Amino acid sequence: MNVTEQVPGYRGPPAVSQPVSPGEPPPVPGGPDSLSAEGLAGLGDRELLAIAGSLPPGSARRDAARELLVSRYGHLVRSYARHYSHSPEPAEDLVQVGYVGLLKAIGNFDPAFGTGLAAFARPCISGEIKKHFRDKRWLVHVPRHVQELLLEIRAEAGQLAQDLGRVPAEAELARHLGVTGEALREARKAELAFQPGSLDAPLRGEPGTATLADLLGVEDPHLEHVVGMRAVAAHWDELPLREQKILIMRFYDDMSQAQIGQQLGISQMHVSRLSARALAHLRTRLLGQQDQTASVRPALPGPVPAGCPA
């Protein structure tokens, strides 16, 4: 695989005829400092890392050394990319992301730590691929720990099935990953959010052009109530203050007519009349009736008893 083509921004080994960067000592033709890959191929990882780390960016020999290290450890990239072969992400994209992690490992590796480049590069490659899934692929918000557990499930479930010779049970997979069964189920549910289906996708087995959106969703039972309350609010100020208060006490405070009458100092019958008159007025307004007789507020029948203000 040509890393120059796979990794954006990585120029790859330069041709032998390229000029040497300013301040860089000229290479010895055919020697270990030659610009050609053949001239550096005999060097070990430490020598190549020393060349890549000591020369400035843009140096021809630096790029050639990095190219050789990438080719030596490219199998790690392909190995980690295969762990996610069942994901919807194209394998070529995962390989490119993995090479970015390998290049970061080459640039940050310090031989003084005593570990080899392969041991240092593995978590860099794996982390870069996981970061790609975490930041680029999720279309809805999923907690980070759930995302990472799902990636572990994908990477380990296949190997565990191969070791057992069968598909592992939920308890076996949870024990292998060191998590609870509930956490495992939560991660698997989150996988549905990784690549959600389109509401406009046609349904299989359904006649015509039926879509998922045709089967989902029902009318909100509270929506009509909200619309009605907004319509009531538009005509609420047309009611006298006392009638407004009666309706609030009746329908909001859930008080009986006797309780309302006692609090307002009027009879229960008078409360009933005022309430009916207010509701009739609102009903007429809401139904849009144009009948003049319906729009006229009727007077209370008969004389008003003493102590019962109209």
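Good morning, colleagues. The structure before you is a predicted model, in which local features need a pLDDT of at least 70 and side-chain atom pairs count only at pLDDT 80 or more, while totals for chains, interfaces and linings use all residues. Residues are numbered from 1 along each chain as its sequence is written, and side-chain values use heavy atoms, with hydrogens and water left out.

Let me begin with the whole chain. The protein chain has 16 helices and zero strands; here helices (H or I, at least four residues) and strands (E, at least two) are DSSP runs, numbered from the N terminus. Of its 310 residues, 35% count as buried. Buried means under 20% relative accessible area, exposed means over 50%, and partly exposed lies in between, with a 1.4 Å probe and protein chains only. The chain exposes about 19,300 Å², and carbon and sulfur atoms supply 56% of that area. Accessible areas come from the Shrake-Rupley method with a 1.4 Å probe, and for residues only the protein chains shown count as cover. Among contacts between residues at least 6 apart in sequence, 57% join residues at least 24 apart; contact means heavy atoms within 4.5 Å.

Is A105 buried or exposed? A105 is buried, because its relative accessible area is 0%. Leaving out residues up to four places away in sequence, A105 touches L117, F120, A121 and C124. A105 and I125 are 20 residues apart in sequence, and their C-alpha atoms are 8.0 Å apart in space.

Which residues of α4 meet α6? They are R66, L69 and V70, which meet Y99, L102, L103, I106 and G107 of α6. By class, this contact of α4 with α6 comprises six nonpolar residues, one polar and one charged. For these classes, Ala, Val, Leu, Ile, Met, Phe, Trp, Tyr, Cys and Pro count as nonpolar, Asp, Glu, Lys and Arg as charged, and the others, Gly among them, as polar. The axes of helix α4, residues 60–72, and α6 come within 10 Å and cross at roughly 125°. Axes are lines fitted to C-alpha atoms, for helices over the stretch in contact, and angles run from 0 to 180 degrees between N-to-C directions. The two helices α4 and α6 are therefore oblique to each other. Angles under 35 degrees count as roughly parallel, over 145 as roughly antiparallel, 65 to 115 as roughly perpendicular, and the rest as oblique. The crossing of α4 past α6 is right-handed; a crossing is left-handed if the near helix is turned anticlockwise from the far one by less than a right angle, and right-handed if clockwise.

Helix α5, residues 74–82, also packs with α6, residues 91–108, at an angle of about 135° and with the axes 9 Å apart. This pair is therefore oblique, and α5 passes α6 in a right-handed crossing. On the α5 side the contact is made by G74, V77, R78 and A81, and on the α6 side by L94, V95, G98, Y99 and L102. Six of these residues are nonpolar, two are polar and one is charged.

Helix α9, residues 170–177, packs with helix α10, residues 181–190, at about 100°, with axes 9 Å apart. That makes α9 roughly perpendicular to α10. E170, L173, A174 and L177 of α9 make the contact with G181, L184, R185 and R188 of α10. Four residues of that contact are nonpolar, one is polar and three are charged.

In helix α8, residues 144–164, we find L149. L149 is buried, with a relative accessible area of 10%. Apart from neighbours within four places in sequence, L149 is in contact with L177, V179, A183, L184 and A187. The C-alpha atoms of L149 and R188, 39 residues apart along the chain, are separated by 9.2 Å.

Finally, two residues further along. D254 sits in the loop between α13 (241–252) and α14 (257–264). D254 is not a glycine, although its phi is positive, at about 55°, and D254 is exposed, with a relative accessible area of 63%. S275, in contrast, is buried at 9% relative accessible area, and belongs to helix α15, residues 268–287. Setting aside neighbours within four places in sequence, S275 is in contact with I246 and L247.
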